[in-house]
Amino acid sequence: HLTALQDKSLWEKTGRWSDEVLDIWFKTELKSGGELGLGTTHEEPLTALVKEYVRSYRDLPFFVYQFQTKFRNELRAKSGIMRGREFLMKDLYSFSRNQKEHEEFYEKAKQAYVNIFNRVGIGEKTYLTLASGGSFSKVSHEFQTISDAGEDVIYLSERKKIAINKEMLTDEIIEGAGLEKVTLVIKKAVEVGNIFSLGTKFSDALGLTYVDENEKKNSVIMGSYGIGVGRLMGTIVEVLSDDKGIAWPASVAPFKVHLIVIGEEGSNAMKEAETLYKVLADAGIETLFDDRDTRAGEKFADSDLIGIPLRIVISEKTLEKKMVEIKKRTEESAQLVSFEEAVSMAKAL
């Protein structure tokens, strides 16, 4: 976790303090004099920190990640957590001895991101996308999720599972990716992650070097890899929700089970629901227990809106059959199962 308040002099060394280079700074003045900025990203301070720990080739490769709030003075913050001026981000930075070592890790990070987006339920709609590398490299890679709520436009090949950001659409890039223009489909998308090869831009500017086996001094090769955690959550909601509300995948849901009791305090249904809640808790299954004194229809509507993966309902009616009603959020119909089956289904999520 690095400081949000950033020292002007550090960023001047890389040329990124200037608003003409980085136009999303929040800047402020100290009462004692001097300027500070709120961190938009953390390549500079982390490079300066790593410099204190890297001397020899034996100290590398080196990889650091963090989860931290970033601040960006966006001209048009919009869409709630999809594009905010204050947001939570996962950053990963790599420090390697040479280009080959960097590229090996870069590919591992790329695959890790593919795994992440698959696991959170949006893998089928998320495409590895060729984008501008800015001042760092000719090309970087974005992970773009198809959504009408997206701000980006991408040209994608659904067959090859690869896309090109609109800003990069030239014949050279298309051919280099092994694609043909007539296969490419235009879609709106949300950028949920990106990875950059930084080269030696930051290590040269801030003096991050190491001595190799031949006592020769070399600049460290760097990469950065980011996922906007809040934006990812917003994208999951946009992509997987329906007209009733959210439909969280079990991997990221706040609870696995939504337990609803239809019955008054002290009723048999309430007692059985409390017992089942304890069984689920003892099994390590995160459960939201709706024991409110309100109508069944309201409870069901709230359950659909919140979007927990599995709903279990206990009522006097289900207890007559010694069963509970169970329904997955993504399915239309419910079924009656035994208490034991309900617990097994919850464990299997």
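Q: A pocket here is an open set of points on a 1 Å grid over the protein atoms alone, with protein on both sides within 12 Å along at least five of seven lines. How much space lies in the second largest pocket?
A: About 240 Å³, where a volume is the space filled by probe spheres set on the points, with grid points joined across faces, edges and corners. Before we go on: this is a predicted model, where local features need pLDDT of at least 70 and side-chain atom pairs count only at pLDDT 80 or more, while totals for chains, interfaces and linings use all residues. Residues are numbered from 1 along each chain as its sequence is written, and side-chain values use heavy atoms, with hydrogens and water left out.

Q: Fine. Which residues line the second largest pocket?
A: F67, K90, I116, I227, V229, L232, M233, I236, W248 and V252 line that pocket. Lining residues have an atom within 4 Å of a point.

Q: And what classes are in that lining?
A: Nine nonpolar, no polar and one charged. Nonpolar covers Ala, Val, Leu, Ile, Met, Phe, Trp, Tyr, Cys and Pro; Asp, Glu, Lys and Arg are charged; the others, Gly among them, are polar.

Q: Which element gives the most to the lining of the second largest pocket?
A: Helix α6, with four residues. Helices (H or I, at least four residues) and strands (E, at least two) are DSSP runs, numbered from the N terminus.

Q: What span should α6 have, and what does the model give?
A: The helix covers residues 229-240, and its 12 residues should span 16 Å at 1.5 Å a residue; the end C-alpha atoms are 16 Å apart, which agrees. The expected span is 1.5 Å times one less than the number of residues.

Q: Which residues of α6 are buried?
A: G230, L232, G234, T235, I236 and V239. Buried means under 20% relative accessible area, exposed over 50% and partly exposed in between, with a 1.4 Å probe and protein chains only.

Q: What covers those buried residues?
A: The cover includes β5 (86-96), α3 (99-119), β7 (137-146), β10 (185-199) and β13 (221-228).

Q: Let's pick T235. What does T235 touch?
A: Apart from residues up to four places away in sequence, T235 touches M82, I122, T145, V190 and V192; contact means heavy atoms within 4.5 Å. T235 sits in α6 and counts as buried because its relative accessible area is 0%.

Q: New topic: how many salt bridges does a search of the whole structure find?
A: It finds 20, a salt bridge being a side-chain nitrogen of Lys or Arg within 4 Å of a carboxyl oxygen of Asp or Glu.

Q: Which partner does R83 have?
A: E151, at 2.5 Å from N to O. This pair links distant parts of the chain, 68 residues apart: R83 is in the loop between β4 (62-71) and β5, and E151 in the loop between β7 and β8 (152-157). R83 is partly exposed because its relative accessibility is 21%, and E151 is partly exposed at 35%.

Q: What about E101, buried or exposed?
A: Buried, with a relative accessible area of 15%. E101 forms a salt bridge with R97, and their closest N and O atoms are 2.6 Å apart. R97 counts as partly exposed at 25%.

Q: And which residue does K181 pair with?
A: D171, with the closest N and O atoms 3.6 Å apart. K181 lies in the loop between α4 (171-176) and β10 while D171 is in helix α4, so the pair ties together parts that are 10 residues apart in sequence. K181 is exposed at 52%, whereas D171 is partly exposed at 48%.

Q: Which residues are linked in a network of salt bridges?
A: K8, E12 and E35 are linked that way.

Q: Now R85. Where does R85 lie, and what is it in contact with?
A: R85 lies in the loop between β4 and β5. Leaving aside neighbours within four places in sequence, R85 is in contact with F26, K70, F71, R72, N73, E74, L75, R76 and A77. With a relative accessibility of 36%, R85 is partly exposed.

Q: Last one: how many cavities of 30 Å³ or more does the structure hold?
A: One, a cavity being a set of grid points where a 1.4 Å probe fits but cannot get out. The largest cavity has a volume of about 40 Å³.

Q: What lines the largest cavity?
A: S303, D304, I308, L310, R311, K327, K328 and R329. That makes two nonpolar, one polar and five charged residues. α8 (296-306), β16 (310-315) and β17 (324-328) each supply at least two residues of the lining.
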